[in-house]
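Subject: Structure for your files

Hello,

Here is the structure you asked for, with the sequence alongside. My notes on what was found follow below it.

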Amino acid sequence: MKKRILVIEDNPMVVKSLEFKLNKEGYEVFTAVDGRNAMEQLEAENFDLILTDLMLPFVSGSQLIEHIKKQFPSIPVIVLSSATQENIITDAFTMGVDDFITKPFSPNELALRVKRTLGKI
Amino acid sequence: MDILPTSFKDWPIILEINLVLGISFLILAFMLLCVVFYLRIYKNMRNSRKEKLEILLLDFINNYLFNDEFDKSKEIMEFGARHLKTGFDRKIALKQLLIFHENLKGESSALIKELFFGLGLYNFLISDLTKAAWYNKARALFVFCHMDVKIPEELVEPLINSNRNEVRQQAILYLLNQPADNPLGFLDKVDRGLTLWQQIYMEDSLKNYPGDMPDFSKWLDHKIASVVIFCLKMIADHNQFENTPAMLKLIDHPDPGVRQQAIISLRKMEVQEMLPILIHNFPRESTALKQEILKTIREIGSEKELQLVAPSINSKDRALKIDYLRIARYFNPKIAGSKLKAFNTDQLGLSKLSL
């Protein structure tokens, strides 16, 4: 059975590329363009992994991660963000994210990290 | 009023004028409405074309980057011929490629460049650089700079001194981001002042420069004051202490902006040798420069230097007076308030303040 990944990102280009690449890698990809929509999907569906940006409309990435870690602690979270400041990255790991990828990112590297994170489950 | 039918001829002249004007305005309003409709339809058509092309491009680029079964050479030819026919189409393609280039790195970045050349966008932008419209030139330089594409320098160098700020800025950024031993070599050819934004962009680009920082003193005798000001600032930011003798000479530069930056940079580098020159120049400087000198005395000087400049402070110059009193208090926190007040009454009192 295909692993299900929820991609939360507001840049349509990044969403499309991630969807394309992860589909090619054999995953079932769901997308949400903002935190609110992501929360709705999380209530309705089951996911094996969440890939999220930090800068999101309506509900910020940090709020969303907090919510996920509270309600769905078993789902691993990978952050994909353009933030490179050490404190932001440290805060994300403190909240319990499993990995942090900075933009610009290498799609092949991202696919490997997704595979590694899912392999840990 | 021969244009009116004969039945209207008996009308009073004022009514005839009213009628003609009414009809004219009606025609004008109708024409204006037609233009508005035309522009609206044209814009909608362009937006619809843009949306369709963006979807096609997203799909095409993703296939090109991630689909191993995609026949790249054949598809790139077909896509270019079928979908990128006009300048508008190419501009949309450029925007999409730039977004991909900004977000992806590694092997994908190289493939995006391959697409850039394969879709004929390089040649499109090169032809833009030679066109008269400044915005075409600025856009072309922006894309070349952000896509890390090298172009013949003879195409860029004339644009360093373009009449438009935007073009000059993009030309400078392009040259700064090119891998070279001398990233500021273009400054030798600059014959127009650098704007504050240009200086900020240059400073920012230099932060990411991987090689050795250039010796900024090379341009301390440049004919353009803003170039000298920028180099003075950079010398202080990059701690090039070996350049302090050359900087000291600029305290007597004819341009007040250069003098001010020389004082600021030398102060930042804590060069105390400038204090006697500053005290000597103090009486003939403007208020802004006098304030800069007072600030310098506070930071790297002493009470003695403050007393030396006191006689040259005009008691009517409130800003200077306040600065002086603050520094006097800083050097001597226990100074009596009455002594400070004495400053208001006579200028001579100044030199006695800290006694």
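Strands β1 (residues 4-8) and β2 of chain A pair in the parallel sense over five bridges; two strands count as paired if DSSP finds at least two bridges between them. Helices (H or I, at least four residues) and strands (E, at least two) are DSSP runs, numbered from the N terminus. Within this pair, A:Arg4 stands opposite A:Glu28 of β2(A). To get from β1(A) to β2(A) the chain passes through helix α1 (residues 12-24) of chain A, in a right-handed β-α-β crossover. Right-handed here means that, with the strands pointing away from the viewer, the path from the first strand over the helix to the second runs clockwise.

This is a predicted model: local features need pLDDT of at least 70, and side-chain atom pairs count only at pLDDT 80 or more, while totals for chains, interfaces and linings use all residues. Residues are numbered from 1 along each chain as its sequence is written, and chains are lettered from A and ligands numbered from 1 in the order in which they are written.

The pair belongs to an open, parallel sheet of five strands in chain A, ordered β2-β1-β3-β4-β5. Its edge strands, each pairing on one side only, are β2 (28-32) and β5 (99-102) of chain A. At the β5 end, four bridges join β5(A) to the parallel strand β4 (residues 77-81) of chain A, and A:Val79 has A:Phe100 in β5(A) as its bridge partner.

Chain A as a whole has five helices and five strands, in the sequence pattern β-α-β-α-β-α-β-α-β-α. Buried residues (20 or more other C-beta atoms within 10 Å of their own, with C-beta atoms placed from the backbone) make up 31% of chain A.

The contact between the chains takes 14 residues from chain A and 13 residues from chain B, where contact means C-beta atoms, placed from the backbone, within 7 Å. On the chain B side, the elements giving two or more residues are α1 (13-66), α3 (87-103) and α4 (107-118) of chain B. The largest share, four residues, comes from α3(B).

Regards

Definitions and conventions: Two residues are in contact if their C-beta atoms, placed from the backbone, lie within 7 Å. A residue is buried if 20 or more other C-beta atoms lie within 10 Å of its own, exposed if 12 or fewer, and partly exposed in between; C-beta atoms are placed from the backbone.
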